[in-house]
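I opened the notebook to write down what I looked up, one stop at a time. The entries follow the order in which I went.

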Amino acid sequence: MREPNSTLTDALLDPILEREPAGPRVTWYDDATGARIELSGLTLANWAAKTANLLRDEFALSPGARVAVLLPAHWQTAAVLLGCWWAGTEVVLTPDPDADLALVTPDRLDDADGVDEVAVLSLDAMGSPVRDLPVGVTDFASAVRVHGDQFLPGGFRAAIDGLSVGEVLAAARKSAAEQGISAGDRVLSTTPWETVTELIDGYVAVLYAGASLVQVVNPDPSAVDHRVTTERVTMRR
């Protein structure tokens with residue numbers, strides 16, 4: 001297993017960036033709107049770095065802080081998660097008033113009740129801000145874009161819901177092996193990222209294996225065969 005004496009993001013991204021930084025890593029579809037966004041490993045890392053810098057410099061979070069990530073399976077969520085892990089923070093996937101920061105969509109603001117710092121993501125493909133937010137709530141898109149796209153990690157702690165970096169990597173290795181995911185695969189998935197198991201199986205294991213993810217939300221069954229061909233999908237989950 002890879003050396004866990006690093007952040008989870010380093011363990012996942014370093015092999016990808018060394019081998020194929022420009023290749024597609026996360027391709028996201030919303031069949032309800034026809035939206036398609038693709039991120040290379042390098043672009044994913046840049047957005048993750050911006051997120052990590054935002055957490056450290058604007059929200060003053062240090063390694064070990066807890067971040068409630070109450071977001072759907074989305075290309076922005078993919079970068080946000082890596083940014084949280086790069087900053088050494090622990091991701092929690094359920095509402096938690098004791099979290100140091102909550103990252104939510106506008107319709108889940110109530111789930112951030114009691115959290116001192118809250119940032120809202122519009123998840124708009126063009127990065128549009130959320131209008132008319134309550135006082136004290138940060139618009140993520142406006143705040144993150146001014147931060148640098150390079151980040152130097154300063155430490156690491158638990159990674160997801162109390163699991164250590166090593167435990168998450170072990171779970172990702174097991175999941176990738178059980179699913180038969182290997183480097184070079186294009187994995188088509190509709191799995192949400194609402195639980196630890198779903199997040200590891202549907203996202204972390206794909207990166208761990210060096211594969212790339214084609215994540216679809218609001219899937220249209222009639223589009224599957226065409227997408228398998230156009231996206232050169234090698235496996236579905």
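Which residue with a positive phi follows helix 3? I found Gly88, with a phi near 80°. Helices here are DSSP runs of H or I with at least four residues, numbered from the N terminus.

Before going on, I noted that this is a predicted model, in which local features need pLDDT of at least 70, side-chain atom pairs count only at pLDDT 80 or more, and totals for chains, interfaces and linings use all residues. Residues are numbered from 1 along each chain as its sequence is written, and side-chain values use heavy atoms, with hydrogens and water left out.

Entry: helix 3. I checked the span of helix 3, residues 75-86. The expected span is 1.5 Å times one less than the number of residues. For these twelve residues that should be 16 Å, and the end C-alpha atoms are 17 Å apart, which agrees. I then looked at burial, where buried means under 20% relative accessible area, exposed over 50%, and partly exposed in between (1.4 Å probe, protein chains only). Twelve of the twelve residues of helix 3 are buried, so the helix is largely enclosed by the rest of the structure. Among them are Trp75, Leu82, Trp85 and Trp86.

Entry: Thr9. I found Thr9 in helix 1. Is Thr9 buried or exposed? Thr9 counts as buried because its relative accessibility is 0%. For contacts I took heavy atoms within 4.5 Å. Not counting residues up to four places away in sequence, Thr9 touches Asp14, Leu82, Trp85 and Trp86. A polar atom of the Thr9 side chain lies 3.3 Å from the backbone nitrogen of Trp86. I also looked up Pro153: it is 144 residues from Thr9 in sequence, yet their C-alpha atoms are 9.6 Å apart in space.

Entry: helix 5. I counted 15 residues in helix 5. From first C-alpha to last it reaches 21 Å, close to the 21 Å expected at 1.5 Å a residue. Its buried residues are Val165, Gly166, Val168, Leu169, Ala172, Ser175 and Ala176. These buried residues pack against helix 1 (8-19) and helix 6 (196-209). Just after helix 5, I noted Gly180 with a positive phi of about 75°.

Entry: His147. Where does His147 sit? I placed His147 in the loop between helix 4 (140-144) and helix 5 (165-179). His147 counts as buried because its relative accessibility is 12%. Leaving aside neighbours within four places in sequence, I listed its contacts as Lys50, Asn53, Leu54, Asp57 and Glu58.

Note on methods. Helix = DSSP H or I, 4+ residues; strand = E, 2+ residues; numbered from the N terminus. Polar contact = N/O pair within 3.5 Å; in protein donor to acceptor, adjacent residues only side chain to side chain.
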